[in-house]
Amino acid sequence: MATSLRSLYEELNRSFAGPKSDLKKCGTLLSQLKIGLIEAGLLIPQGNANPEDLIVARDILEVGAIWSIRSRDEASFDRYFSQLLTFYTDYASALPPSKREYPIRGLNLTRLLTQNRIADFHTTLESLPIPADAIGDNPYIAHPVNLERWLMEGSYHKVWNARTGAPAEEYKYFIESLIGTIRNEIASCEEAAYTTLPMKDAALLLFFDTPSELLTFAQKRGWQIDLTGQTITFARKDEEKKEFPTERLIQSSLLYARELEQIV
């Protein structure tokens, strides 16, 4: 490996170290390093490359994947992950295990959930080099597996609480994205089942901690807000109010939310 490439790699590690990494500088260094990897034939290695060079190349791509999430760039993460698969599969027996592999694989699984790519989620999960009965012992894989189960069950409060149990800070980015999707689904149920709802109940259902968050969300949905009466009137597409089974689900969710609030 060229001295200049290794020097850039060491500078990347210094800039990336710590919880508050220099994202802008890391992005610049990663762009330069990827060009260097291409020139050295290490971005998509073929044949019998030097194992030490492969480890450095893998490490650079792993930093790039994590940098992408910290920069909130999912497309960039997708590219880095695709490039890393060569190292995780084709060179798995030739290189020592990477401590970042499963955190990144878990992030990819969580990303697939946020994109509602459930079939891809299960295909990717089944292709992992880890026995099915050992998934629960790996916190980085168990976390997205639990998220998927809770989403299928409709246990949205468990998804909400998963923020505090995330195995790494980067996972919270995707969980927030999931919560956004869940809020919109719950909001659609509220609009179908109710004409009005107390603001406090709406905030509980939608997992908002402050009234201002609820008000901002309500305005985006076009709901009418009565601050005096502390109620929300939902925008309806037709005048006829129909009976929806979602009303019973919402009542059950409200009861659970209130009980949980009392416990906390």
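The structure is a predicted model, with a mean pLDDT of 88 for the protein chain and 89% of the residues reaching 70 or more. Residues 239–244 have a pLDDT below 50, and this stretch has 9 contacts in the model beyond near neighbours in sequence.

**Helix H4**

- Helix H4 covers residues 74–90, and its 17 residues should span 24 Å at 1.5 Å a residue, which agrees with the 24 Å between its end C-alpha atoms.
- A kink of about 25 degrees is found in H4, and the kink is centred on Leu-84, a residue that is itself among the buried residues of this helix.

**Helix H6**

- In helix H6, which runs over residues 118–126, the buried residues are Phe-121, Thr-124 and Leu-125.
- Seen down the axis of H6, the buried residues fall within an arc of 100 degrees, and therefore they line one face of the helix.
- The face turned away from that buried side carries Ala-119, Thr-123 and Glu-126, which are exposed.
- The cover over the buried residues of H6 includes helix H5 (101–114) and helix H7 (139–153).

**Cysteines**

- The count of disulfides in the model comes to 0.
- Cys-26 is buried, with a relative accessible area of 0%, whereas Cys-189 counts as partly exposed at 27% relative accessibility.

**Residues with positive phi**

- Most residues other than glycine have a negative phi, which is the background for the two residues described next.
- Asn-116 has a positive phi, near 60 degrees, although it is a residue other than glycine; Asn-116 sits in the loop between H5 and H6, and at 60% relative accessibility it counts as exposed, the cut-off being over 50%.
- Gln-230, also a residue other than glycine, has a positive phi near 55 degrees; Gln-230 belongs to the loop that joins strand S2 (224–226) and strand S3 (231–233), and with a relative accessible area of 42% it is partly exposed.

How values were computed:
Residues numbered from 1 in each chain as written. Predicted model: local features only at pLDDT ≥ 70, side-chain atom pairs only at ≥ 80, totals over all residues. Heavy atoms only, no water. Buried < 20%, exposed > 50% of the residue type's maximum accessible area, 1.4 Å probe, protein only. Helix = DSSP H or I, 4+ residues; strand = E, 2+ residues; numbered from the N terminus. Arc of directions from axis to C-beta. Contact = heavy atoms within 4.5 Å. Disulfide = S-S within 2.5 Å. pLDDT = per-residue confidence, 0-100. Expected span 1.5 Å × (residues − 1). Bend = angle between axes of the 7 residues up to and from the residue.
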